[in-house]
Amino acid sequence: MERESMEFDVVIVGAGPAGLSTACRLMQLAQESEQELMVCVIEKGSEVGAHILSGAVLEPTAINELFPDWKAMGAPLNTEVKGDDVYYLTGESKGIKTPNFLVPKPMHNEGNYIVSMANVCRWLAEQAESMGVEIFPGFTAAETLYNEDGSVKGILTGDMGVAEDGSHKDSYMPGMELLAKQTVFAEGCRGHLGKELMQRFNLRDNVDPQHYGLGIKEIWSIEPEKHQEGLVVHTAGWPLDNHTEGGGFLYHMENNQVALGFIVALNYSNPHLSPFDEMQRWKSNPKISQYLEGGERIAYGARAVNKGGLQSVPKLSFPGGLLVGCDAGFLNGAKIKGNHTAMKTGMLAAETIIEALKTGDIATKELTAIETKYRTSWVYDELHKTRNFGPALHKFGTLLGGSFAWLDQNIFAGKLPFTWHNTVPDHATLKPAADCIAPNYPKPDGKITFDKLSSVFLSSTNHEEDQPCHLRLTDPSVPIQKNLPLYNEPAQLYCPAGVYEVIKDAEGADKFQINGQNCVHCKTCDIKDPAQNITWVTPEGGGGPNYGNM
Amino acid sequence: MKIIVGVKRVVDYNVRIQVKPDGSGVVTDGVKMSLNPFDEIAIEEALRIKESGKAEEVIAVTIGAKACQEQLRTALAMGADRAIHVETDEGIQPLTAARIFKALCDKEAPKLVIFGKQAIDDDNSQTAQMLAALSHWPQATFASEVVIDADTASVTREVDAGLETLSVDLPAVVSADLRLNEPRYVKLPDIMKAKRKPIDTVSISDLGVEVAAGIKVLKTTAPAKRQAGIMVETVEQLVVALKEKGLIK
């Protein structure tokens, strides 16, 4: 089929912190060298920010470099961190405050800001647009396009107006080819094109598998007398056992709102574990519920994060394109932050591209210089220092691992002469359901804790009803024939949006049902399915959550 | 002929509305805003009339703050030829809106003005009707089909009893119902082109319009929360439960 196409110098996939920083830096450098540069950013959310979910405490290192006068320019970094509480929760109603000197250094937050990353991205998008970047929200990058020599040529936007059975509706609009000299992939954690590129170009050779966590987040409007703007609270321990990694956060933002969430590492082994229910019951601990009582929950969402760190960073370049931000995986697990590294790696990609442009044609070329830039940047430095933090927690559990992390970070400053590895991918860690005890999750009380469906409602998720399912099963028999008997089909529990259900059909037989319309694009199923049988592909553009200030 | 289409920036239909804690309205900060869905249908209809050769120009008009230009850009990307932004930071009531459109109609002399049948934020459904009255033009509201024939429009309306077909002389005011058409998807090149299409910005006083403030919003509250239901096993239990609630005797 002959498709329409548009040509750009650089096409960026994803309007998150990495993609938008790439765009802004490209335009800054092009202006400095008086170069004409055609840059476009394509974003699957219905607007910039609609699919952005992050804690977020932002370390301003990258934004200081990108826009040194961001304050005067009105960047929405309004709440400086004023206090840092770390609790070790020991049970349903108990917790100990960890004295400040015992907290590993990377977890200190002086000089950082509590932000809504969605709003920061909206601001970055404004800056990019004012410098001439074309931003197209509501369009998906459905496929990568390749030249005959195998190099990346650009991307194909998703078709619009395709019915569930694949037929074309009246409104059908075929996708367009967006062609570029270099395509920068900034899809975020577990990007579906990034995943394919890593396989195609063997970008993960000689690195550890990526490791992930699932973050589930809510925003609450709380009673003004309980609100302490600028206070940052982190918890470890309960409700997770010592062998399941994860923890909670609660940040007092502006306007009497708090952002709170819980991250469960996706290498958990008990298939009966439900990250959603862990998050709900975590809120009932008085260290958290003290702030929430009398308040109102106003938003909900979820997103996978990559936390493999240094040992899991893939090769970043391939002919015709680059990987940046969480599409590659630069989150610093010790700091629990990835926005600053996402932004910085986007900027490094921009610098790589502009420098290469000065030496000639860059179409189809592999810009390997980005590796050197990354390795000599502070991103590499800080990931290197904290490289044993994650594996320590994994090896020794929260308490012993946490103690090691303290020694490693506070005494040795990350300079111990060894590197630990974690080579088991997260989808291969489940134990058979029969060997595990199902946690007894309490019923939601409707005040502090809630059920899944009323939660998904608060993510304002919407997908056009009549469209092909965007969660594809390689082998449709796996969920019922294999996953159900062996692992109680864990998709029912790990999905934070109630997409997957095992129901009875008319004959009373088990049936695997996919409610794709509920999907909040967190990518957990693509990561955790033990058979790696679920592939997340892009639904029709504009579909998915509509996050406000997540 | 020219067609004017009135469009409004509203909170996106997917967003769960939150009432401000002080009850002065609903939260619109940091909330996704969109073109009112019925206005999108109105634009689509105007474009189809133009594409069938029965109109030469489609003008999108909005009233509101600077940010409303985003919605005008959407209309331009769909295919409107130009746009007029009546800029104001005040809340505008339907009568003022109708007066503004009257002033613009006097200036632009369109043969047809199309609105969405109502905006999904205040659900007033008044501006189209008021404009028709102020202009002494015929109106055909809640249209599910519009056929233009020289100096008349044949409009099929959705009414309680079924469908009603009217013939109105042009110029006329039409408001679009849900089933009038399915708006097109916007194409990427058209989004880029829309950035270069003209938007005229005027103020209410430029148009010589007197602002009406006949309605005052006293309070905004969220609907009462629904009580959780109970499951009963038998008809007898149902009767007992209903009696307990005092719903039957």
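**Exercise 1. Find which residues have the most contacts inside the largest nonpolar core of this predicted model.**

Solution. Start with the core as a whole: it has 201 residues.

Next, see which element contributes the largest share. That is helix H7 of chain A, residues 339–357, with nine residues.

Now place the core relative to the domains of chain A. Domain 1 (5–68 + 118–207 + 314–385) and domain 2 (79–114 + 210–307) both give residues to this core, so it lies between them.

**Exercise 2. List the contacts of Val174(B), leaving aside its neighbours within four places in sequence.**

Solution. Take C-beta atoms within 7 Å as the cut-off. Sorted by residue type, the partners of Val174(B) are the alanines Ala140(B), Ala143(B) and Ala153(B), the valines Val146(B) and Val155(B), then Leu112(B) and Ile114(B).

To finish with cores, look for a second, separate one: it has six residues, among them Ala334(A), Ala392(A), Phe404(A) and Ala405(A).

**Exercise 3. Check whether the radius of gyration of chain A agrees with that of a compact globule.**

Solution. First, count residues: chain A has 550, for which a compact globule would have a radius near 24 Å. Then compare: the chain has 22 Å, which agrees. The C-alpha atoms fill a box of roughly 65 × 65 × 45 Å along the principal axes.

Turn to the inside of chain A. Buried residues make up 56% of the chain. Of its contacts with a separation of 6 or more, 77% join residues 24 or more positions apart.

Last, count the secondary structure: chain A has 14 helices and 24 strands.

Terms used: Residues numbered from 1 in each chain as written. Chains lettered and ligands numbered in written order. Predicted model: local features only at pLDDT ≥ 70, side-chain atom pairs only at ≥ 80, totals over all residues. Helix = DSSP H or I, 4+ residues; strand = E, 2+ residues; numbered from the N terminus. Rg over C-alpha atoms; globule rule 2.2 N^0.38 Å. Buried ≥ 20, exposed ≤ 12 C-beta atoms within 10 Å, placed from the backbone. Contact = placed C-beta atoms within 7 Å. Core = buried A, V, L, I, M, F, W, Y, C linked by C-beta atoms within 7 Å. Domains from an automatic or database assignment.
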